[in-house]
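Here are some notes from a pass through this model, in the order I would talk them over with you. Have the structure open while you read.

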Amino acid sequence: MEVVIVLGGPNTKENIKALLKNRYSKAYEDFCFVGVDGGALRLLDQHLPMEVAIGDFDSVTKEQRDLIHEAAGTIVQLPSEKDDTDFEAALLWVKEHYEGIPIHVLGSFGGRVDHAISTLWTMMRPDLAPLIPYVVFEDATNVVNFIQPGTYTIEKMDFTKYLSFISMTPVENLTLQNVKYTLDSKSYAYPVALVSNEFTSNKMTISFTKGLILVAQTRDHWR
């Protein structure tokens, strides 16, 4: 079982079943779906089962909210004024109920830039650090995850062209191998965006000893 958190971004209007099947060769029955605020409506529209719906539901009408309440196995109703975002609350719920399984986040991109940034920045929360190895943000043209210090082998995803590394913090001893632009134990005293790199084979290796790095496999949406 894997978890799919669906946010209300415009990209979740795409066929979620097809994306999961084409990318992971799995049927939707192999996933647990969590609808976050307007993302719950996306799940309803695509006739996908919803284990839990979480949010203040300020982005849906009363009639839509009633439909969500009928369809979801569990409702976590949040106040409109709160410290955590709906997405943060969803990750905390998943952390409490599941352990050590992949978490796919759909709907982060394609809408308001502040929403996209805040969603990614959620992974900077210390209490969510245990989820970092499992959370992937994705849509039809992007796959984004975070990595902590260590050595990793990353496989190229067939539908992508570019490979970017964005350090969220200062980073030490960053090494990139089997890519067009390599690095050898390079340190940066500030967050840095190393974008538009490319694989030179179907796998590459990255290692570093300190920091937190966002890894993005992506392509232009019109190609």
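What is the volume of the largest cavity? About 60 Å³, and the rest of that story is in point 1. Bear in mind throughout that this is a predicted model.

1. **The cavity.** The count comes to 1 cavity of 30 Å³ or more. Its lining takes in Asn11, Thr12, Glu14, Asn15, Ile16 and Leu19, then Leu106 and Gly107, and finally Glu138 and Asp139. By residue class, that lining splits into 3 nonpolar, 4 polar and 3 charged.

2. **Domains.** The domain assignment gives domain 1 (2–140) and domain 2 (146–218). Their centres, taken over C-alpha atoms, are 27 Å apart. Where the two meet, 10 residues of domain 1 are in contact with 9 residues of domain 2.

3. **The largest nonpolar core.** This core has 33 residues, and the members that touch the most others are Ile5, Val34, Leu91, Ile103, Phe137 and Phe146. Helix α4 (residues 86–97) supplies the largest share, 6 residues. The core also takes at least three residues from each of domain 1 and domain 2, so I'd look at it alongside point 2, since the domain bounds come from the assignment.

4. **Ile5 up close.** Leaving out neighbours within four places in sequence, Ile5 is in contact with Val34 and Val36, with Phe87, Ala90, Leu91 and Val94, and with Ile103, His104, Val105 and Leu106. Leu106 is also one of the residues lining the largest cavity.

5. Apart from the core in point 3 lies another, of 18 residues. Its members include Val6, Ala40, Val60 and Ala72.

6. **Val215.** You'll find Val215 in strand β14 (residues 213–218). Buried or exposed, and why? Val215 counts as buried because its relative accessibility is 2%, against a cut-off of under 20%. Not counting residues up to four places away in sequence, Val215 touches Val143, Val144, Asn145, Ile147, Ile154, Leu163, Ser164 and Phe165. As for distance, Val215 and Ser118 are 97 residues apart along the chain, with their C-alpha atoms separated by 17 Å.

7. **Tyr181.** Tyr181 lies in the loop between β10 (171–177) and β11 (183–188). Tyr181 is classed as partly exposed because its relative accessible area is 48%, and exposed would need over 50%. Setting aside residues up to four places away in sequence, Tyr181 touches Leu176, Ser196 and Asn197. C-alpha to C-alpha, Tyr181 is 46 Å from Ser80, and the two are 101 residues apart in sequence.

8. **Two positive phi values to check.** Asp37 has phi near 50°, a positive value in a residue other than glycine. Asp37 is in the loop between β2 (31–36) and α2 (38–45). With 8% relative accessibility, Asp37 counts as buried. The other one is His47, also not a glycine, with a positive phi of about 55°. His47 belongs to the loop between α2 and β3 (52–55). Which side of the cut-offs does His47 fall on, buried or exposed? His47 is exposed, since its relative accessible area is 65%. So in a side-by-side look, Asp37 is buried, whereas His47 is exposed.

Definitions and conventions:
Residues numbered from 1 in each chain as written. Predicted model: local features only at pLDDT ≥ 70, side-chain atom pairs only at ≥ 80, totals over all residues. Heavy atoms only, no water. 1 Å grid on protein atoms, 1.4 Å probe; cavity = no way out; pocket = protein on both sides within 12 Å on 5 of 7 lines; lining within 4 Å. Points joined across faces, edges and corners; volume = space filled by probe spheres on them. Nonpolar A, V, L, I, M, F, W, Y, C, P; charged D, E, K, R; others polar. Core = buried A, V, L, I, M, F, W, Y, C linked by side-chain atoms within 4.5 Å. Buried < 20%, exposed > 50% of the residue type's maximum accessible area, 1.4 Å probe, protein only. Helix = DSSP H or I, 4+ residues; strand = E, 2+ residues; numbered from the N terminus. Contact = heavy atoms within 4.5 Å.
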